[in-house]
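Please look over the sequence and the fold shown below before reading on. The report is meant for a reader who is new to this structure.

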Amino acid sequence: GDYVDPAAPPGSVFCMSPHGWITDKSFEKWLEHFVKHIPAVRPIILFVDNHWSRFKVSSIDYCRKHNIHIICFPPNLTHLIQPLDVAVFGPFNKVFDRVFLEFTCNNPNAAIDYKTFTRLCLIPWTEATRPSIIINGFRTTGLWTITQQEIIENI
C-alpha cells in the first residue's frame, strides 16, 4: 500500500511490496508520481536500470502517452554509470547505517514501522539529495547536458 508521512520531504510517497522489491505495479505508481512532479516541457528522457518491472507494456504505453523516452542502462553497470548509484545511494546508505545503528542502540526493542522508517531516512535523504550532489552524479557518469555557456567558457 501507499503511505504518506508529513515528516517526509514534500512530495514524498512510499509504496511497499510484499517482498520489498519494486514490482511492475509499484513502478507504474512511481511513474504517475514522477509525471505529477516534472516540468511540462517534453520530451523527457528517463534513464532506468534493466529490472523487468520497467518493461511491462502498460508502463511503456504510459511513457509514450506522456512523451517520456526510456533509456536503459546496460546490465551490471549501473554502479558505474547510473548517476544516483554513483552519487546518491552510496552516501545515503552510509549515513542511514549510522542513523539506524544509533536508533537501534537507543531503542533495542522498538519495531520499525512506516513512520519510524520515514523519520530514520530523513537525515540521510536530505544530505544525499542536495542538488550539487545529484548534478555531480550526472557529470561523473557523463550524462550531464553541456550548455552553450559551458562550451563558450571552455574555448
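## Helix 1 and its surroundings

The model described here is predicted. Helix 1 covers residues 24–37, a run of 14 residues, and the distance from its first C-alpha to its last is 20 Å, close to the 20 Å expected at 1.5 Å a residue.

The buried residues of helix 1 are D24, S26, F27, E28, L31, F34 and V35. These buried residues pack against strand 2 (14–15) and strand 3 (44–48), and also against helix 2 (57–65) and strand 4 (68–72).

## Aromatic pairs

Across the whole structure, a search finds seven aromatic pairs. F92 counts as buried because its relative accessibility is 13%, under the cut-off of 20%, whereas W125 is partly exposed, with a relative accessible area of 37%.

The rings of F96 and F100 have centres 5.8 Å apart and planes at 25 degrees, so this pair is stacked. Both residues lie in helix 4, four residues apart, which is about one turn of the helix. F96 counts as buried at 15% relative accessibility, while F100 is partly exposed, with a relative accessible area of 33%.

## The aromatic cluster

The residues of both pairs come together with F117, in that F92, F96, F100, F117 and W125 form one aromatic cluster.

Methods. Residues are numbered from 1 along each chain as its sequence is written. This is a predicted model: local features need pLDDT of at least 70, side-chain atom pairs count only at pLDDT 80 or more; totals for chains, interfaces and linings use all residues. Side-chain values use heavy atoms; hydrogens and water are left out. Helices (H or I, at least four residues) and strands (E, at least two) are DSSP runs, numbered from the N terminus. The expected span of a helix is 1.5 Å times one less than its number of residues. Buried means under 20% relative accessible area, exposed over 50%, partly exposed in between (1.4 Å probe, protein chains only). Contact means heavy atoms within 4.5 Å. Rings of Phe, Tyr and Trp (its six-membered ring) pair if their centres lie within 6.5 Å; planes under 30 degrees apart count as stacked, over 60 as edge-to-face and the rest as tilted.
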